[in-house]
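Please keep the structure open as you read.

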Amino acid sequence: MPLVHISLRTGKTEAYKQAIFDAIYCAMRETFNVPEDDQFMAMTEHDAANFRYGASYLDVARSDDLVFIQITANNTRTVEQKKALFRRIAELLGESPGIRSDDVFVSLVEVVKENWSLGHGLAQYA
């Protein structure tokens, strides 16, 4: 049950933003075995004064089209699955909406299963 937070600069079209949601969800389905309809994502847009990044940190040439993607998920995936997820997200975002792989920044936050409540005040995975 991943929870995804996406941050980007303001000014993108609705179709562009929906393509980001679709690509991330597809990548999670393909690499993390995320079930159908397990879509919990939020997007935040920022003006230039509220969006800061290292333009060349670790020799990656980032632009103002940079997208921060933070995924909180159960700590049950292998290193191979994580690498596959990062690669697939970059591939799919390159296809649509056309984001360069240098502008795809993904952070995975892993939690134990009992740290989720998906509604009704219950710990569904505990």
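## Helix α2 and its cover

In α2, the buried residues are Gln81, Lys82, Ala84, Leu85, Ile89, Ala90, Leu92 and Leu93. The model you are looking at is a predicted one. Among the elements that cover these buried residues are α1 (14-32), β3 and β4 (104-111).

Let's turn to strand β3, where isoleucine 71 lies. With 0% relative accessibility, isoleucine 71 counts as buried. Setting aside residues up to four places away in sequence, isoleucine 71 touches Pro2, Leu3, Val4, Met28, Leu85, Ile89, Val106, Ser107, Leu108 and Val109. Two of these contacts, Leu85 and Ile89, are among the buried residues of α2. Isoleucine 71 and glutamate 110 are 39 residues apart in sequence, with their C-alpha atoms 8.3 Å apart in space.

Asparagine 74 is also found in β3, which covers residues 67-74. Is asparagine 74 buried or exposed? Its relative accessibility is 7%, so asparagine 74 counts as buried. Its side chain makes a polar contact of 2.6 Å with the side chain of tryptophan 116. Beyond its neighbours within four places in sequence, asparagine 74 is in contact with Met1, Glu110, Val111, Val112, Lys113, Trp116 and Tyr125.

## Salt bridges

How many salt bridges does a search of the whole structure find? The search finds eight. One of them joins glutamate 30 and arginine 88, whose closest N and O atoms are 2.5 Å apart. Glutamate 30 lies in helix α1 and arginine 88 in helix α2, so this pair ties together parts that are 58 residues apart in sequence. Both partners are partly exposed, glutamate 30 at 42% relative accessible area and arginine 88 at 22%. Glu30 and Arg88 are also linked with Glu91 in a network of salt bridges.

Another salt bridge pairs glutamate 110 with lysine 82, the closest N and O atoms being 2.9 Å apart. Here strand β4 supplies glutamate 110 and helix α2 supplies lysine 82, linking distant parts of the chain, 28 residues apart. Glutamate 110 counts as partly exposed at 36% relative accessibility, whereas lysine 82 is buried, with a relative accessible area of 18%.

Aspartate 102 and arginine 100 also form a salt bridge, with 3.5 Å between the closest N and O atoms. Aspartate 102 is partly exposed at 29%, and arginine 100 is partly exposed at 39%.

Terms used
Residues are numbered from 1 along each chain as its sequence is written. This is a predicted model: local features need pLDDT of at least 70, side-chain atom pairs count only at pLDDT 80 or more; totals for chains, interfaces and linings use all residues. Side-chain values use heavy atoms; hydrogens and water are left out. Helices (H or I, at least four residues) and strands (E, at least two) are DSSP runs, numbered from the N terminus. Buried means under 20% relative accessible area, exposed over 50%, partly exposed in between (1.4 Å probe, protein chains only). A polar contact is a pair of N or O atoms within 3.5 Å; within protein, one must be able to donate a hydrogen and the other to accept it, and residues adjacent in sequence count only if both atoms are side-chain atoms. Contact means heavy atoms within 4.5 Å. A salt bridge is a side-chain nitrogen of Lys or Arg within 4 Å of a carboxyl oxygen of Asp or Glu.
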